[in-house]
Amino acid sequence: MRRAGYIVSAAWQGFWRNPVMSVASTLTVAVMLLLFAVFVMTDRGLQAAVGILESKVEVVLYLDDTAKPSDVLELRRRIENDPAVESVVYVSKDEALDRLKEIARRRPELALEDVSTNPLPNSLEVKLGNAQETRRVSGMLREEIGKGVVYDLVDNPTVVDKLLTITRVLSVGGIAVLGMMLFVTLFVIINTIRIAVHARRDEIEIKKLVGATDWFVRWPFIVEGMMVGALGAVVALGAIAAVAGPVSNALIGFLDILPVSLGANFMVQLAAGVLGFALLVGGGGATLSVRTHLAR
Amino acid sequence: MFIVGSSGAGKSTLNRLLIREELPSSGRIVIDGQDLVRMKRSQVPFLRRKVGVVFQDFKLLPNKTVAENVAFALIVTDHQPRAIREETERTLALVNLTHRRSHFPRELSGGEQQRTAIARALVNRPRILIADEPTGNLDPVTTWEIIKLLIRVQELGTTLLVSTHNAEIVNALRQRVLHLDHGAIVRDEREGLYAA
C-alpha cells in the first residue's frame, strides 16, 4: 500500500514535471483512441445495417396471367427447396392492387385515377435468408423468364452487394489502420517515457545507489505511461459521449430507413475496451521504454 | 582505510565493483559472506543497502531539501513513515545538519552539501561506507571537517573506504593504506603514508 502510494504519487509528479509534453502525448493518444472507437462504432453500425437489409432482401417474380396454377405451384415448390430461400409468398393481382391502394392512401402525391381494371400481375415474393446468395438465386430464377410462367423478375442485389463490399473493405482496411495506430500510440508513449526517464536520470541513479528495488525505479514510469493512456481514454470517451447523441440522431435522420442503434450495452463494452486498450498500450509502451533505458 | 594511487590506477573501478555497478572479468568479490559475481540481479539492491557511497560531486537532488534528500534513501527502500522520520533526524544530528534541514542544496556550502550526502549514505545504517574523493571539491578547512566526520563514523562501527589524492590527510591520520597501480595492489600498510 505504502509502496503503491509512493509509486502513484511519483508517477503523478512525473506527469506534471513536463506538462506540455505530457498533455501533448495524452491528446495524441486521445485522438488515436477516438479514431479507434469511431472505427469500431462504424463497423458495428454497418454490420447492423447489413443485417437489416439482409432481412429485407427479396426477389419478386411477375407471373403470366395465362400461367397454369399447377405450374405456379410447381415453381413455388422448387424455389422453396433452395436452402438460401427463407420463404415464398404468392401475391395475387387483387392483393397487389389492395397494396397499391394502401400506399396511395398514405402518399397523397400518388393519385390513382382509373382503378376499374387491374393492370397488376400475380407474383411470387421470394425472401432470402442470406444476402450473399441474392445474385445466385436471382440468376437462377431469371432463367425461368419466358418459359410460360414468369415474365419478369425484380431484385435489388446491387445495394446489398455494395454494402457488403464496404463492410469487407472497412474490416480489412480497418485492421490495417488500427495496426498502424497501435504503433503510433506505442511510439508516442515510448518517447514520452524516455524523456521522463532522461529528465529524472539523477534521481534514478541515486535510487539505485541507495538500494531501491526495481519496483521503486521502474514502476513510477510504467504507471506514468498508464496515466497517459488512461487520461487519453477519458478524453476520447468524453468526446464520444458529447457528440454521440447529436451524431446518431443526424445519422438516423439522414439514413431514415435504417434505424441503427448501437445500444447502451455495446457502448459500455466499447468504453471498457478503449480504457483497457489504453492502459495496455500505455503500460506496455512504458515498460518497453524503461527496459531499454534502465537496463542493468 | 585509504585507497591511493594515480588517476587511472583503478580506485573508482574498485568502488564500482564493490557496489556491483561493474562485474570483474575474473576473480571473486565477497562482501558479508555474499559472492557479488554470483549474486542475482534482484539481490543487488539489498547489497547496496549495506554499502553506502559518497562522491566528490555530492549527487544531491536539487529540488529536495536536506531532510528530504536524506529521507529519500529510506522512502525508496520501503521504510515505515515513522522509521523514516526517526532515522532521518538521528542521521541529521550525527552530521550536525539539524539546523539546516529545510534548506535546499543550492543554499548550502560545499561542506554542508557533502555532509548531507554522507547522511544519505548512512541513513540506511550500512556496514561499509565508500567515499570516492569526498574532499576533492572542498577547501582545506572544510576538508578537515569532513574527514573528522568520517572518522567519527568509523568509530561508530562502519567500515570506511576513502579514495583520495590528498597526501596531507593520509599522512596525518596513519590509517591502513592500499596503493593501487594499473589495477593491482602494489602496497598494503597497516599505518601507512601517502607515498612509500
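Biologist: Which residue is the bridge partner of Ala131(B) in β6(B)?

Modeller: Val162(B) is the bridge partner of Ala131(B). Keep in mind that this is a predicted model.

Biologist: What makes β5 and β6 of chain B paired strands?

Modeller: Two strands pair if there are at least two bridges between them. Strand β5 (residues 128-132) of chain B is joined to β6 (residues 159-163) of chain B by 5 bridges, so the two count as paired. They run parallel.

Biologist: Where do these strands sit in the sheet, and what is the strand order?

Modeller: The order in chain B is β4-β5-β6-β1-β7-β8, an open sheet of 6 strands with mixed pairing.

Biologist: Why are β4 and β8 of chain B said to stand at the edges?

Modeller: β4 (51-55) and β8 (184-189) of chain B each have a single partner strand, so one side of each has no neighbour in the sheet. From one strand to the next, the twist averages 20°.

Biologist: Which strands of the sheet does helix α6 of chain B touch?

Modeller: Helix α6 (residues 140-155) of chain B touches β5 and β6 of chain B. Its direction makes about 150° with that of β6(B).

Biologist: Why is α5(B) called roughly parallel to α6(B)?

Modeller: The axes of α5 (residues 110-122) of chain B and α6(B) cross at roughly 15° and come within 9 Å. Angles under 35 degrees count as roughly parallel, so α5(B) is roughly parallel to α6(B). The residues of this contact include Ile118(B) and Leu122(B) of α5(B), and Ile146(B) and Leu149(B) of α6(B). They divide into 5 nonpolar, 4 polar and 2 charged.

Biologist: How do you know whether His182(B) is buried or exposed?

Modeller: Count the other C-beta atoms within 10 Å: His182(B) has 10. A residue with 12 or fewer is exposed, so His182(B) is exposed. His182(B) lies in the loop between β7 and β8 of chain B, and has a positive phi of about 45° although it is not a glycine.

Biologist: Why is Glu133(B) called partly exposed?

Modeller: Glu133(B) has 19 other C-beta atoms within 10 Å. Buried needs 20 or more, and exposed needs 12 or fewer, so Glu133(B) falls in between and is partly exposed. Glu133(B) is in the loop between β5 and α6 of chain B, and its phi is near 50°, a positive value. Most residues other than glycine have a negative phi.

How values were computed. Residues numbered from 1 in each chain as written. Chains lettered and ligands numbered in written order. Predicted model: local features only at pLDDT ≥ 70, side-chain atom pairs only at ≥ 80, totals over all residues. Helix = DSSP H or I, 4+ residues; strand = E, 2+ residues; numbered from the N terminus. Axes fitted to C-alpha atoms, helices over the stretch in contact; angles between N-to-C directions. Contact = placed C-beta atoms within 7 Å. Parallel < 35°, antiparallel > 145°, perpendicular 65-115°, else oblique. Nonpolar A, V, L, I, M, F, W, Y, C, P; charged D, E, K, R; others polar.
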